[in-house]
Amino acid sequence: MPVRTLEGQVILWGHTEEQRVDLVSVEGESLHFQYDWPVWQEYVLTESYRTLTRPFYTRMPFHYHVVPGPLRNIAARFLLGRDATAGDTNEFPGFPIEQGFELLHHVIGGPVEMGQHRRLSDRVFLTHDIDTAEGFAFVKDIAQREMDCGFRSLWNIVASGYRIDHGVLEWLVSNDFRVGLHGYNHDNKLAFLEAGQIRERLDQCRDLIERYRINSFRSPSWLRSDALYSVLGEYVEYDYSTLDTDIFCPGGVGGCLWTKSFEREGITVIPTTVPFDDLLLFKVQPHDLCKFWRPKLEWLRSCGGNIVVNTHPDPHRSGSAAMLASYSDLLQTLSRVPRTAAGPGA
Ligand SMILES: [Zn+2]
């Protein structure tokens, strides 16, 4: 796409590998834009800029969860190949804060629109993905800690691949927690299938969807695609598969660069903004996690973004004494944030 030089004073610009690109300029009373804003917004929110790569292991004949959890963490670190804690501001997307699109929206949207978004600020959504059968053993402990701080959360389950502990799920539901869907299984192939094949898998989750009144989805390992979004609305109303800034998905870096909910293909996408225990993949120690995320929490509050937390109760993630203590610290911090109860789908 040819790049123009904008008239007037350039107030926002970006850099590609080859050149600087003027994004927005001011001339007298008017603004000039490099791109058509609605088209650009759609382009970013749907991550059309992103190249989704199918991880090699999703083509292997066995399920990658046969690899023990701690080894998976090491393998994931190797596959991701980027240090989340390096703080290199020249990398795109920025992590844990990517503020370019938010800033642009603030300039273009103007103060009125930001005021509307401010009503959504300080919203806390706590979510968990139960990746393995062993994870169920830690659910009640984590949920109890949340109740003690006045929270209710969303627990995403995999429909097939492990023995679901329905006793634990019934207990959650009886205590006003919600259950969500974390895929038919966790082989990470879903997002790479054709729409019809995705339907075949999700149709097999219908009994669970009805039993627990599931109305939200998070794709395994954050893998998402246009095909997946084209059918999700037939099953749920809310989706948590997208991150605002994503360096964790094995399909490649990306993110919708946006911290509020938005509509896509008839469902409401709620970007996950605090993938709390994914940082373990980068060797951040449990007792350092809250410190790591604090600037992000403050930034989310300042720009009116949702605080959407995700953890995994599984033993190789948040199912340990050190991680439970760290999560309790996070809950204490969040409980001081004024909030509504639980979010949509949660
Ligand atoms: Zn998962």
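**A guided conversation**

Visitor: Is H182 buried or exposed?
Guide: H182 counts as buried, at 1% relative accessibility. Buried means under 20% relative accessible area, exposed over 50%, and partly exposed in between (1.4 Å probe, protein chains only). Please note that this is a predicted model, in which local features need pLDDT of at least 70 and side-chain atom pairs pLDDT 80 or more, while totals for chains, interfaces and linings use all residues. Residues are numbered from 1 along each chain as its sequence is written, and side-chain values use heavy atoms, leaving out hydrogens and water.

Visitor: Which protein donors does the zinc ion have?
Guide: They are D131 through OD, and H182 and H186 through NE2, at 2.1 to 2.2 Å from the zinc ion. A donor is an N, O or S atom within 2.8 Å of the metal (3.2 Å for Na, K and Ca); water is not among the atoms, so sites may look incomplete.

Visitor: How are those donor residues spaced in sequence?
Guide: The spacing is D-x50-H-x3-H. H186 is also buried, at 3% relative accessibility.

Visitor: Changing topic, which residues of helix α1 are buried?
Guide: In α1, residues 37-45, the buried ones are W37, W40, V44 and L45. They line one face of the helix, because seen down its axis they fall within an arc of 125°; the arc is taken from the directions between the helix axis and the C-beta atoms. Helices (H or I, at least four residues) and strands (E, at least two) are DSSP runs, numbered from the N terminus.

Visitor: And what is on the other side of α1?
Guide: P38, V39 and E42 are exposed there. After α1 comes E47, with a positive phi near 55°.

Visitor: Then which peptide bond is cis?
Guide: The bond from F95 to P96 is cis, with omega near 0°. P96 sits in the loop between α2 (69-80) and α3 (100-118).

Visitor: Why is strand β11 described as largely enclosed?
Guide: Five of the five residues of β11, 307-311, are buried, so the rest of the structure largely encloses the strand. I307, V309 and T311 point one way, and V308 and N310 the other.

Visitor: Which strand pairs with β11, and in what sense?
Guide: Strand β4, residues 124-130, pairs with β11 in the parallel sense over five bridges; pairing requires at least two bridges found by DSSP. F125 stands opposite V308 in β11.

Visitor: What does the side chain of S221 contact?
Guide: The side chains of S221 and N188 are joined by a polar contact of 3.0 Å. Such a contact is a pair of N or O atoms within 3.5 Å; within protein, one must be able to donate a hydrogen and the other to accept it, and neighbours in sequence count only if both atoms are side-chain atoms. S221 is buried at 19%, in the loop between β7 (216-217) and α8 (226-232).
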